[in-house]
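Here is a short report on one protein chain. Keep the sequence and the 3D view side by side as you read.

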Amino acid sequence: MSERNLVLHNTMITGLLRCGLVEESKLLFHNMKERDSISWTTMITGFTQNGLDREAIAFFREMGSEGLEIDQFTYGSVLTACSSILALNEGKQIHAFAMKTSYIGNIFVGSALVDMYCKCKNVIYAGRVFNRMARKNVVSWTAMLVGYGQNGFSEDAVRIFRDMQRNGIEPDDFTLGSVISSCANLASLEEGSQFHCLALVSGYVSCLTVSNALITLYGKCGNIEDSSRLFDEMSCRDEVSWTALVSGYAQFGKANETIDLFEKMLASGFKPDGVTFIGVLSACSRAGLVDKGKEYFESMMKEHHITPVTDHYTCMIDLLSRSGRLEEAKNFINNMPFPPDAIGWSTLLSSCRFRGNLEIGKWAADSLMELEPQSPASYVLLTSIYAATGKWDDVAQLRKGMRERGVKKEPGFSWIKYKNKVHIFSADDQSSPYLDQIYTELERLNSRIISEGYVPDMSSILHDVEDSEKIKMLNHHSEKLAIAFGLIFIPSNFPIRVVKNLRVCGDCHSATKYISKVTGREILVRDAIRFHLFKDGSCSCGDFW
């Protein structure tokens, strides 16, 4: 072309950047005799889209020093760059610059700031920006909702969605999928089901984002049959769809179904990712399929070229130690490219407690104490090993160490939802207004299950007291109080759903099996490890958890 103007140069830079030709675009940009705000913004946007976030931020600084006008698109692109690399300080500086240039009231810039602060895990700042926005659109509301959900504030995410509806903003498929994911994190089946209805009415149920979130929701709430049905009804699936159902089956302890589904996923040409393999490895662990798990771990690296992260190594530690191969687990840890995290050490220590292996247990406990000196897990699990072997002097010494270091054991809580209210119980709870009814129900249940063959498992009581006192302490565990509440108030045609923040102890697991038998009720307990569906005197985990 004999003549090239500014518009043509800007168009050419856009084309080069969209094709990933970054160096060519930089050369053209620097050779331009004239540049305007669009030239600079195009470069910043292109850098961001090509993963060159640091260069995008550097260009923004240079653009500011040139005195050029910065518009909403420039701010949006550079804030996206800050979000990608969690550059909170740079994001704050751009926030301040936006305030000086009077762009802070712009809906596009405000939404980008909310997203940036949420991605940088500063939800408080995100909330302040959001609350000060005079105008908000679906992007603004969704950014805040997603931010709450991704930072562990799932209840706030659901609240924001309700506020969004009250303000007359119609959600899109991404918003709806995000709020359903928050319900999944809360294991809130009732609210999740309401959003499922909304998805059906709005037609968004056919969108992958929403369908995948629903599969995850029902899986995390223990309705694996509904997850499977939704999966089967999908006309189009992606890797996330398969992974969601694989993870659901794994958490429910359905090892064979997990493996079968994973093999179908591979046969269908879908590529598993690291999350998929976490589900498969954990399923192998909970079914004791050691050789199968080791085979998948090797294939993950060699065939699928996925580099294992901490969670994969923790699954392997769990796989080996749960099956009693404690020496092999120790050797595996010694050959890892990096030491286990707290969950990995706790997993090994928990198996040592179950197997009564004091030597490896002491090694795991010392490593955990060194990693997290204030964590109670190492003290509690090692205490239980000493208590099981009658080493009460060692138990007393450990407890003294906990007091001196100010370490407190995490209390166990169980909760159950009834009439849109969550009822929370702790061991020996004295706060519930239904206390007399609950304890009366427990006494009645205890007599019935003992007559059926239940024998209290006192190994979880870490106090040197009489057996009669140990039995009394076992009877008032938080999950038993919650189950008794459910038996009293939840209609007989509905399952009883209990959530617990810690792992279910052996005695409560045994007792609940008998309770399901004598009452004829389905009892679903979601603990810190997995789901347990108790029905007709047996548990879905096969007593392996």
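This is a predicted model: local features need pLDDT of at least 70, side-chain atom pairs count only at pLDDT 80 or more; totals for chains, interfaces and linings use all residues.

## Contacts and overall build

Take the contacts in the chain with a separation of 6 or more: 62% of them join residues 24 or more positions apart. The chain has 545 residues, and buried residues make up 49% of them.

The chain has 28 helices and 6 strands. Its C-alpha trace spans about 95 × 55 × 55 Å along the principal axes.

## Surface and charge

The accessible surface of the chain is about 26300 Å². Carbon and sulfur atoms account for 51% of that surface. The chain carries 58 positive and 65 negative charges. How far apart are the mean positions of the positive and negative charges? They are 3 Å apart.

The largest nonpolar core holds 122 residues. Which of its residues touch the most other members? They are V114, M144, I180 and L348. Helix 7, residues 107–119, gives this core its largest share, with 8 residues.

Now look at L348 in detail. Leave out residues up to four places away in sequence. L348 then touches I317, S321, L326, A329, I333, I360, W363 and A364.

## The sheet

In general, strands of a sheet pair through backbone hydrogen bonds, either parallel or antiparallel.

Follow the pairs from strand 1. Strand 1 and strand 2 run antiparallel and are joined by 6 bridges. Here I416 stands opposite H423 in strand 2. The two strands form a hairpin with 2 residues between them. In the turn, K419 has a positive phi of about 55°. Strand 1 (residues 413–418) also runs antiparallel to strand 3 (residues 496–500), with 2 bridges between them. W415 has V499 in strand 3 as its bridge partner. Strand 3 and strand 4 then pair in the parallel sense, over 4 bridges. I496 has I523 in strand 4 as its bridge partner.

## Two faces of a strand

In a regular strand the side chains alternate between the two faces of the sheet. Strand 1 has a covered face with S414, I416 and Y418. Its uncovered face has F413, W415 and K417.

K26 is found in helix 2, residues 22–31. Is K26 buried or exposed? Its relative accessibility is 18%, so K26 counts as buried, because the cut-off for buried is under 20%. Beyond its neighbours within four places in sequence, K26 is in contact with M43, F47 and E55.

A511 is in helix 28, residues 506–519. Its relative accessibility is 1%, so A511 counts as buried. A511 and I449 are 62 residues apart in sequence. In space they are 7.4 Å apart, C-alpha to C-alpha. Setting aside neighbours within four places in sequence, A511 is in contact with I449, Y454 and K480.

## Two loop residues with positive phi

S102 is in the loop between helix 6 (88–100) and helix 7. Phi of S102 is near 65°, a positive value in a residue other than glycine. Why does S102 count as exposed? Its relative accessibility is 62%, and exposed means over 50%.

H305 is in the loop between helix 18 (290–302) and helix 19 (310–322). H305 is not a glycine, yet it has a positive phi of about 55°. At 64% relative accessibility, H305 counts as exposed.

Key. Residues are numbered from 1 along each chain as its sequence is written. Side-chain values use heavy atoms; hydrogens and water are left out. Buried means under 20% relative accessible area, exposed over 50%, partly exposed in between (1.4 Å probe, protein chains only). Contact means heavy atoms within 4.5 Å. Accessible areas come from the Shrake-Rupley method with a 1.4 Å probe; for residues, only the protein chains shown count as cover. Lys and Arg count as positive and Asp and Glu as negative; His and the chain ends are not counted. The place of a charge is taken as NZ of Lys, CZ of Arg, CG of Asp or CD of Glu. A nonpolar core is a set of buried Ala, Val, Leu, Ile, Met, Phe, Trp, Tyr and Cys residues joined through side-chain atoms within 4.5 Å. Two strands pair if DSSP finds at least two bridges between them.
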